[in-house]
Amino acid sequence: MKMRIFQPFSLLLHLHEIKISANLNSNPPIFFTLLSLTSKRFSSLSASSNPTIVEYLTQTLGFPQILANSISNRFRRPKSAENPKLVVHFLRDIGFSEGQIRTTVRVAPQILFADIDKTLKPKLQFLQQLGLVGADLGKFISYNSTVLNVSLEKKLIPCIEILKKTLSDSESNGDLVRVLRGCAWILSRNPNFLLSNIDFLESCGIVGSQLSMLLMRQPRLFASKQSTLKDLVSRVVDMGFSIESRMFVHALYTISCLNDKTIRKKFELFQSQGFTEQECIEMFKRAPALLRASEEKLKLGMEFYMNTIKFERTLLVHRPTILMNSIKDRVIPRYRVLQILKSKRLLKKEPSFFKVLDLTDGEFLDKFISRFPDDAEELLVGYKGHILQEVDE
């Protein structure tokens, strides 16, 4: 600390020695101007924190001394720890754990000095009415303490009403709570800002259940600047999507999740397997979620379908959704079962592998394993062999 306090003064002496300072008779002399600034800095650093608040933060909440000092310096006017004590007691009473209280105070220490009846209680009761109670409320607030600094009448209530209307979830509020957990800072936006973004999305054909789905999956889009939103929509349109396409909203969601570099790398991966750029775009248009899959998953899928099963590239272009299936847990096990059935000539007609992949687990078991009781054990080993191997290991 001493080095931090006296360093500016040492610098002044150095500047004076090498005659960089102005003439002492100048108006005002640089030397004395800098000396005055140094003196003020020294006084600021020497100011003592509120010892009562610091003691409460360190002894009761277990804050490190440096953090307690920092908080105390931000709120010097309160001379007593009485209000912080009342706030902490109130949070405990409504179900906050000690860890949640510490996190809440660390992120938004001003709540320690808030009026419980006029500020904290109305906001927390409002959130409780939405379904956030007890430990859930504590967890939510500890991660999103700044919500307590937002005006209840001007922002919280209007924003919640807009979200509820968009979600069409007025009864259970389950979807609403999921949105808030995913992007609580949407509540800090001006209600008119949210309405403007919703109007824009609706003008792009994203309405009803699609708008609700987008809000649940990517709530931050609704809180983004409209210029950002328009840029994302333009990128989707530039990739060949029509706003009239039912896939438009899925493409917008995918593009909003990825940066340009990631999208470019995915396209390069497909092209390394022989796909043209236009084929990549066609695949994306048919299955926007494809670009959200990991590179490892996509590479394994393409290699298995084209090298093992010998699918033509054009088949994957027209049915890209099969690349979304788990190669290890779904594709290979079903392929092994079909190979066993073919080798035993138990199938009158070879089924379409595309349709086989679309079957649920129960449907697959009924159609390709249970109906062949004499070979069921071998078929099950082929179907679940990878799981048995993992257990043995």
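Me: In this predicted model, is Thr254 buried or exposed?

Reply: The position to look at is Thr254, which lies in helix α14, the stretch of residues 248-257. Its relative accessible area is 0%, and a residue counts as buried when that value is under 20%. Thr254 is therefore buried.

Me: Which residues is Thr254 in contact with, leaving aside its neighbours within four places in sequence?

Reply: Contact here means heavy atoms within 4.5 Å. With the neighbours within four places in sequence left aside, the residues in contact with Thr254 are Phe284, Pro288, Ala289, Leu291 and Arg292.

Me: Where is Val150, and is Val150 buried or exposed?

Reply: Val150 has its place in the loop between α8, residues 134-143, and α9. Its relative accessibility is 10%, and the cut-off for burial is under 20%, so Val150 counts as buried.

Me: Which residue caps the N-terminal end of α9?

Reply: Helix α9 covers residues 152-167, and Ser168, with a positive phi near 55°, follows the helix. At the N-terminal end, a side-chain oxygen lies 3.1 Å from the backbone nitrogen of Lys154, and the residue that provides this oxygen as a cap is Ser151.

Me: What covers the buried residues of α9?

Reply: The buried residues of α9 are Leu152, Leu156, Cys159, Ile160, Ile162, Leu163, Lys164, Thr166 and Leu167. What covers these residues includes the helices α7 (116-129), α10 (174-182), α11 (191-203) and α12 (208-217).

Me: At what angle do α3 and α4 pack, and what does that make α3 relative to α4?

Reply: Helix α3 (residues 51-59) and helix α4 (residues 65-74) have axes 9 Å apart and pack at an angle of about 140°. Because angles over 145 degrees count as roughly antiparallel and those from 65 to 115 as roughly perpendicular, this angle makes α3, relative to α4, oblique.

Me: How many nonpolar, polar and charged residues are in the contact of α3 with α4?

Reply: The crossing of the two helices, α3 and α4, is right-handed. From α3, Ile53, Val54, Leu57 and Thr58 meet Gln65, Ala68, Asn69, Ile71 and Ser72 of α4. By class, the contact has five nonpolar, four polar and no charged residues.

Conventions:
Residues are numbered from 1 along each chain as its sequence is written. This is a predicted model: local features need pLDDT of at least 70, side-chain atom pairs count only at pLDDT 80 or more; totals for chains, interfaces and linings use all residues. Side-chain values use heavy atoms; hydrogens and water are left out. Axes are lines fitted to C-alpha atoms, for helices over the stretch in contact, and angles run from 0 to 180 degrees between N-to-C directions. Helices (H or I, at least four residues) and strands (E, at least two) are DSSP runs, numbered from the N terminus. Angles under 35 degrees count as roughly parallel, over 145 as roughly antiparallel, 65 to 115 as roughly perpendicular and the rest as oblique. A crossing is left-handed if the near helix is turned anticlockwise from the far one by less than a right angle, and right-handed if clockwise. Ala, Val, Leu, Ile, Met, Phe, Trp, Tyr, Cys and Pro count as nonpolar, Asp, Glu, Lys and Arg as charged, and the others, Gly among them, as polar. Buried means under 20% relative accessible area, exposed over 50%, partly exposed in between (1.4 Å probe, protein chains only). A polar contact is a pair of N or O atoms within 3.5 Å; within protein, one must be able to donate a hydrogen and the other to accept it, and residues adjacent in sequence count only if both atoms are side-chain atoms.
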